[in-house]
Amino acid sequence: LPVPIAVFLLLYKERMVPCGSSSSHPLLSADELAMEPRPVEKDELATSTQRSPAAGGHDDLLSCCQPKNFRGASSTYFAVHITGALVLFMTDGIVGEYSGFVYSYAVEEPLSVVHKVAGYLPSLFWGFITLGRLISIPVSYRMNPATMVFINVVGVLITFLLLLIFSYSVVFLFVGTASLGLFLSSTFPSMLAYTEDILQYRGCATTVLVTGAGVGEMVLQLLVGSIIHDQGSYSFLVCGMIFGCLAFTFYALLVLFHRMYPKPSAGVDEASPEKPAVMDDTGQYQR
């Protein structure tokens, strides 16, 4: 609680809260910002004067959520946001529910793992998530984000299927936990990169995806905990399998909407989220 309260007070002091205004001055006034010794090019000055207020910025906290910014957007534009958020809802939800309940699943029948040994499972899971994120850095140079998300989602689905088949094997529970951590590790950043390639967004899509991931991690833990309490420990793997199937389904829909999504033209206005990066005669990218 202290962190969001401090952030809210800072936003209020900076006059970024739409519900009220503060009588105090911002932390950095316009005069102080203007004193920064930075040369201004002609093109940059012209662009800044022609930029519309709807382009958003530091002063309007909710500018990206205004309906006028979405006028003329295609239905597939919203579908990409929704399906991308649903994929992260499921995958991040799996991270939360698996790390939270794998210990409880292991110590109960039919596995009945010793408590001390079962305590290594969450550490193993998070350890391989960290290892997978390190491995994904060089892999991302040679593989596009869509392929990485596909491998991650399919890997999660296959791992849960094998965990269900070998549900009486303690050894495979450890192997499956490590495998699941590897496949889930790079799903979130790969999905962000994939949707960025589609939308060329500025910030609103990030909000939708991060919110979907956070809500999934909270809701699925609550849901799985209630199901395990009523149906027993075996439902833990069944829920993971269902969530993996849903994640794969939403990813397939995301790919479908990506194919239907209209490719942006070079003449799109700068404030549009669909504007691509075009290359000029010098070989450098410009907006």
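User: Among contacts in the protein between residues at least 6 apart in sequence, what percentage join residues at least 24 apart?
Analyst: This is a predicted model. Its contacts are taken here between residues at least 6 apart in sequence. The share joining residues at least 24 apart is 70%.

User: What pattern does the protein follow along the sequence?
Analyst: The protein has 11 helices and 2 strands. Read along the sequence, the order is α-α-α-α-α-α-α-α-α-α-α-β-β.

User: How much of the protein is made up of buried residues?
Analyst: The protein has 287 residues. Buried means under 20% relative accessible area. Buried residues make up 36%.

User: Which residues touch the most other members of the largest nonpolar core?
Analyst: This core holds 56 residues. Helix 4 (75-107), helix 6, helix 7 (145-165), helix 8, helix 9, helix 10 (204-231) and helix 11 (235-260) each give two or more of them. The largest share, 16 residues, comes from helix 4. The residues touching the most other members are Y98, F160, L173 and F236.

User: What does F236 touch, not counting residues up to four places away in sequence?
Analyst: F236 is one of the residues with the most partners in the largest nonpolar core. Leaving out residues up to four places away, F236 touches E97, Y98, F101, V102, Y105, V224 and I228.

User: At what angle do the axes of helix 6 and helix 8 cross?
Analyst: Helix 6 covers residues 120-139, and its axis comes within 7 Å of that of helix 8. Helix 6 passes helix 8 in a right-handed crossing. The contact between the two has 14 nonpolar, 4 polar and 1 charged residues. The axes cross at roughly 35 degrees.

User: Which residues of helix 8 meet helix 6?
Analyst: On the helix 6 side, the partners include Y120, F128 and R133. On the helix 8 side, they are L173, F174, T177, A178, L180, G181, L182, L184 and S185.

User: Is S186 buried or exposed?
Analyst: S186 sits in the loop between helix 8 (170-185) and helix 9 (187-199). Beyond its neighbours within four places in sequence, S186 is in contact with S136, M148 and N152. Its relative accessible area is 5%. The cut-off is under 20%, so S186 is buried.

User: How far apart are the end C-alpha atoms of residues 172-194?
Analyst: An unreviewed UniProt entry places a "transmembrane region" at residues 172-194, among others. In the model, this span is 96% helix and 0% strand. Its end C-alpha atoms lie 32 Å apart.

How values were computed. Residues are numbered from 1 along each chain as its sequence is written. This is a predicted model: local features need pLDDT of at least 70, side-chain atom pairs count only at pLDDT 80 or more; totals for chains, interfaces and linings use all residues. Side-chain values use heavy atoms; hydrogens and water are left out. Helices (H or I, at least four residues) and strands (E, at least two) are DSSP runs, numbered from the N terminus. Buried means under 20% relative accessible area, exposed over 50%, partly exposed in between (1.4 Å probe, protein chains only). Contact means heavy atoms within 4.5 Å. UniProt positions are given in the numbering used here, feature names are shortened, and annotations may be inferred rather than shown by experiment. Axes are lines fitted to C-alpha atoms, for helices over the stretch in contact, and angles run from 0 to 180 degrees between N-to-C directions. A crossing is left-handed if the near helix is turned anticlockwise from the far one by less than a right angle, and right-handed if clockwise. Ala, Val, Leu, Ile, Met, Phe, Trp, Tyr, Cys and Pro count as nonpolar, Asp, Glu, Lys and Arg as charged, and the others, Gly among them, as polar. A nonpolar core is a set of buried Ala, Val, Leu, Ile, Met, Phe, Trp, Tyr and Cys residues joined through side-chain atoms within 4.5 Å.
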